[in-house]
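Me: Please go through this model with me, one question at a time.
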Amino acid sequence: YREELALLKNVESVTLDGIRIGMLANIELPEEAELAIENGADGIGLFRSEFLFIGQTDLPDEDQQYQAYSKVVKTMAGRPVTIRTLDIGADKTMDGELAVTMNPALGQRAIRYCLARPELFATQLRAILRASAHGKVKILIPMIAHMHEIQSTKLALASAMRDLDERGDEYDAAVELGAMVEVPATAIAIEPFAQLLDFLSIGTNDLIQYTLAIDRADSEVANLYDPLHPAVLRLIANTINAGERAGKPVSVCGEMAGDPKLTRLLLGLGLTEFSMHPQQLLDVKREIRRAHSNALRTQVATILNRGQPIDPDLLNAQN
Ligand code: PEP
Ligand code: MG
C-alpha cells in the first residue's frame, strides 16, 4: 500500500470527471516544507506562524521572522506559500499558560490580539512582505469575524508596504490577502468577505468548536465534536458556494481536509483545494482520483437541503 501511495506523488490530483484539485500542505516549522515537496504538494496552504512566538521569552524580531518565512518560500521554489499571521490566545499561548481572561476562546485571540498590538502586527507584516520578494506569498488572517477587521488589516498592510518603500526593501506589491473562515458569523454572512478578499480558507477545527459550542481541547465533550453535524456542513457549503460566485478560491485547512474518509464529502460540497499535514496528502489524493466530483455534488446537495445527517461511508459506496 505504501508503494502504491509513493507512485501517486507525481501523478495529477484530478477527479474521474476531470476536475483538478489543489493539494496544499499545512506546516508549523520551516523544515516541514521539505516534507511538503516530498509528498507532491502544490504549495503551502497554511503556515502557522505561531511556532516563532510560542515558548519564547523574547518576541522574534523582523529579521528572525523574515529568515523563517523566506526559508519556506525558497524551499517551495515558486509554489504559493500561505503564511498565516499570528494566531495566539485561547489554546495557543506564548508561555503555555492559559490566558486569565473570562473565556480565552472568545477573547482577544488571533487577529484581535494583533490589531490590539500594532507594533507586533507591523513587524510580522513587514517580515512576510520581505519574504514575498523570493516567491509567491499569500497572507492569511485568522479568526476574522468583522468586515472592519479586514479594513484595519488592509491599512496595516499598506503602512507596512510604505515602511519597506522608505527603506528600499523589495516585496510583492500584489501580495494576496485572505481570511480564515472559522467563526460561524463569517461563514453565514460570507458574501462581503468574499468580495473584499483574494481567497478564503475554512478552518474547520475552530468552525466546529464555535458552531457546536464544544471546546476543541476538552476531552470530556470530545464525543460531541462532530464534523458531520448538518449545521457545520451547511456553513462549509455556504462558504464554498459564495467563493465560487465571487470567483475567489476557497480551501479547507482544518483537520477535515486531511481525513481520507471525508474526501468524497468535501468534493461533494464543491471543494477544489485541500490543505493538510504533508503526510496525509497522498492518501487524500488517492481518494480524489477515485471520485466523481459532479455526481457527489448532486448527491450531497440533496441530503444537505433536507438537513439530514450525512453518512460519508454511503457516499463512498456510491460515487
Ligand atoms: C482551524 O481552525 O481549522 C485551523 C486550521 O487552524 P488552527 O487549528 O491552527 O486553529
Ligand atoms: Mg483555527
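Predicted model: local features only at pLDDT ≥ 70, side-chain atom pairs only at ≥ 80, totals over all residues.

Residues are numbered from 1 along each chain as its sequence is written, and chains are lettered from A and ligands numbered from 1 in the order in which they are written.

Me: Is Ala122 buried, partly exposed or exposed?
Reply: Ala122 is found in helix α5 (residues 118-131), where helices are DSSP runs of H or I with at least four residues and strands are runs of E with at least two, numbered from the N terminus. A residue is buried if 20 or more other C-beta atoms, placed from the backbone, lie within 10 Å of its own, exposed if 12 or fewer, and partly exposed in between. Ala122 has 17 other C-beta atoms within 10 Å, so this residue is partly exposed.

Me: Which residues is Ala122 in contact with, leaving aside its neighbours within four places in sequence?
Reply: Two residues are in contact if their C-beta atoms, placed from the backbone, lie within 7 Å. Leaving aside neighbours within four places in sequence, the contacts of Ala122 are Ala156, Ser159 and Ala160.

Me: At what angle do α5 and α6 pack?
Reply: Axes are lines fitted to C-alpha atoms, for helices over the stretch in contact, and angles run from 0 to 180 degrees between N-to-C directions. The axes of α5 and helix α6 (residues 147-167) are 9 Å apart, and the angle is about 65°.

Me: Which residues of α6 make the contact with α5?
Reply: On the α5 side, the contact is made by Pro118, Phe121, Ala122, Leu125, Arg126, Leu129 and Arg130. On the α6 side, the residues are Ala156, Leu157, Ser159, Ala160, Met161, Asp163 and Leu164.

Me: Is Leu129 buried or exposed?
Reply: Leu129 lies in helix α5 and touches Ala160, Met161, Leu164, Tyr171 and Val175, not counting residues up to four places away in sequence. Because 24 other C-beta atoms lie within 10 Å, Leu129 is buried.

Me: How are α9 and α10 oriented to each other?
Reply: The axes of α9 and helix α10 (residues 230-246) come within 10 Å and cross at roughly 130°. Angles under 35 degrees count as roughly parallel, over 145 as roughly antiparallel, 65 to 115 as roughly perpendicular and the rest as oblique. The two helices α9 and α10 are therefore oblique.

Me: Which element supplies the largest share of the shell around ligand 1?
Reply: The shell residues (C-beta atom, placed from the backbone, within 6 Å of the molecule) are Leu46, Arg48, Asp87, Glu182, Gly203, Thr204, Asn205, Asp206, Cys253 and Gly254. Both β2 (43-48) and α9 (204-212) supply at least two residues each. The largest share, three residues, comes from α9.

Me: Is Ala77 buried or exposed?
Reply: Ala77 sits in the loop between α3 (62-75) and β3 (81-84). Its phi is near 45°, a positive value in a residue other than glycine. With 11 C-beta neighbours inside 10 Å, Ala77 therefore counts as exposed.

Me: Is Ala110 buried or exposed?
Reply: Ala110 is in the loop between β3 and α4 (111-115). Although Ala110 is not a glycine, its phi is positive, about 55°. There are 27 C-beta neighbours inside 10 Å, so Ala110 counts as buried.
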